[in-house]
Amino acid sequence: MPKKRSGGGLSPTQQAAKFLGVSVLAGAVMAGIALPAVGALGLAAKGTVESFDELPVNMKTPPLSQRTTILDADGGPIATVYSRDRTVVDLKDVSPYMQKAIVAIEDSRFYQHGAIDLKGVLRALNRNAQTGGVAEGASTLTQQYVKNVFVEEAGDDPTKVAQATQQTIGRKIRELKYAIQVEEELGKKKILENYLNITFFGQQAYGIEAAARRYFSKSAKDLNIPESALLAGIVQSPSRYDPVNDETEAIKRRNVVLERMAEVGDISASEAEQAQRAPLGLKVSQPKNGCITAVSGAGFFCDYVREVFLNDPVFGKTKKDRARIWNQGGLTIRTTLDPQAQQSVQDSVQQHVNKSDSVAAAVTLVEPGTGKILGMGQSKPYGNGKNETEINYSAGSDRGGSTYGFPTGSTFKPFVAAAALEEGRPPTQEYASPYEMPYPDPVRTCSGKPWMNTSGATVPNEDKSEVGPYRLKEAMAKSVNTYFVQMVADIGLCPVMKMTDALQVVQGNGERLPEVPAISLGSKGVSPLTMASAYAAFASRGMYCTPIAIESITQKVGDRQNSLEVPKSTCSRAMSEKTADTVNTLLRGVVDSGTGQKAGLTDRDNAGKTGTTDERKNAWFVGYTPNLSGAVWVGSATQQVKMVNISIGGSWHDKVYGGSVPGPIWRDAMAGALSGKDSGSFDLVDIPDPEKDREKDEDRDRGRGNGGDGDNGDNGGFVGGLSNGGGDGGAYPTPTFSLPENWIEGQGNGGNGNGNGGGRG
């Protein structure tokens, strides 16, 4: 039974409509359907009464889907994304000519009749009976609006769309009842406003504002007579009367609308004739939808924002709920992206790596102490064309990134050092660090079951000149593999795991790092965003903050602007200030001299670490200043390219290492991002110089070959075991050592960034 009004029955309008629906050929009163045989009318009428009564009184009106705008931290536009390009406007912001044109051609008696137009119905019935088909419809503007609501509610579901548009008596009955409700509740002006905002005008434009901007690059309030007539004419068949693809048909249809406007007195005959002689006057604006249109190479950051929205429970309990809000749109998303930093990232990657190169570069900049992502870009543009990709190399797989991340090489060693310092080891800690040694065992683990080197395998350093003993400062400078293997054996694996857990260093697929000694050499795949965020904790004196990309979101729903909750960065202490200060002191030298010198910034405190992996499939530089952290990865996403005898960015490289390609990218990206901003300074600690100590103790002088400390040239033997010195880069031996069979649990063959990536500088 239908809901009754307080007066005890249906309203007079509803009663009249019900009577009309039953008596005037049942559901066929809507006249958009071919007339059934006369003998069928009785049954149709009976079914119509029951169907009409059983329909709910209130129609659910979903919010109109609109475009979403993604903004940078300064409020500048990054990109617009939408499932339907629509901007809802008030009727007062629509040209009066447009209002008159749509009424004239679609429902000229709109202001004289109610939910249905009896004269129009009878006229259509007569015409359709004569032709035996559907030659003329009689749906009022209100009924068309109701149908469009059903289509909008169906979204992109083809089955629901078909149900919302099917030519059946049942659908027409439903439209009639809801049209009655809409007429009573909204009134004519609001109905017209809603109709103009919901209607499809072709060329991906939904609503009159989007249509005006698509075809004429102007606002709906500025449309003139011929422009209004053109857009009003499109509504009946957007594909047939598309002015972009069929100018002749569009002009014919526009002129029909102009004639009708003159007939009903909206414009004079002379105005109609003048408008009919006018050219179409199109000034088409191409649709700009999606992250592919993002400015300053921010497509990957835009995609990251979308992934955050679709996957973070703060935006909805289920993925379906979150997708519904995203597709509904109308969002204004203020992000953390710093336009200066982003432009600097883009300029740097384009300067140093070509999109057609066999390898790619990815750069991520993060603000220490807040977790804000300030820049994100890569050398291969966002897209699905040649030399393009939609995979965000900076992020993990849960945010649209690579499946496994990329092996980090020696950039992992500062985490081992931080763990040892937290365990009370001094910055002067010394280990024998021979050129080659068996992997030490047993090694304590968190589970209590020690790791054992059952295969008896050995680990070498990069060069035979690297013979200890070494202290931490020099071992970090040269990335002495045997030193850090002995450090892990000394403190155990559990402190290292606790440190990486505190810094939220996980594999690219989101899984926890395996508790095996190989992690000290950076063999597992990690994303650049993860590395930049972890190093940011050193810059902020031990405070780790989870990365965030969104500052605020508002959503337009009707006339209201609703604020949505957004994910917040969570900051926690990962290490003591003293430990962080010590690591900063250790890594500061990397950019002052040695292999990291090419990455050094000359106008402010900075620190960092280079890294390469086995067979030079990955090269890294991760570094920071007191107020900005950045990670740069260079390599092939497929992990199939060995970066030897290779051209990158138009420059030839016999061997690629962390300081030769990633380092300069980091330097230029950071320099531009920080230009004009306060420099800040590190709180450094005093670490005794092992060189001077060795001079005092000749018995411990082992002879360090010709490796040097990196002071003799840009590419000196500094970090990652590349210790041949030389101002021109010298001869860097290709890493060749292998890891024992059971030393790396779960390792692959490197095909997806998950291979054995032994630590190299």
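## Salt bridges

The structure holds 29 salt bridges, each one a side-chain nitrogen of Lys or Arg within 4 Å of a carboxyl oxygen of Asp or Glu. Bear in mind that this is a predicted model, where local features need pLDDT of at least 70, side-chain atom pairs count only at pLDDT 80 or more, and totals for chains, interfaces and linings use all residues. Residues are numbered from 1 along each chain as its sequence is written, and side-chain values use heavy atoms, with hydrogens and water left out.

One of the bridges pairs Lys677 with Asp338, 3.4 Å from N to O. That pair ties together distant parts of the chain, 339 residues apart: Lys677 is in the loop between helix H22 (662–674) and helix H23 (690–696), and Asp338 is in the loop between S3 and helix H15 (339–352). Helices here are DSSP runs of H or I with at least four residues, strands are E runs of at least two, and both are numbered from the N terminus. Lys677 is partly exposed at 36% relative accessibility, while Asp338 is buried at 13%. For these labels, buried is under 20% relative accessible area, exposed is over 50%, and partly exposed is in between (1.4 Å probe, protein chains only).

Arg541 is in the loop between helix H20 (528–539) and strand S12 (543–545), and Asp581 is 40 residues away in helix H21 (residues 577–592). Arg541 is partly exposed at 26%, and Asp581 is buried at 6%.

Then there's Arg604 with Asp603, at 3.4 Å from N to O. Here Arg604 is buried at 10% and Asp603 is exposed at 53%. Elsewhere, salt bridges with shared partners join Arg541, Glu577, Asp581 and Asp683 into one network.

## Strands around S13

Strand S13 (residues 550–557) runs antiparallel to strand S3 (residues 331–335), with five bridges joining them; DSSP must find at least two bridges for strands to count as paired. Ile333 has Ile553 in S13 as its bridge partner.

Five bridges also join S13 to strand S14 (residues 560–564), again antiparallel, and Thr554 stands opposite Ser563 in S14. S13 and S14 make a hairpin with two residues between them, and Gly558 in the turn has a positive phi of about 65°.
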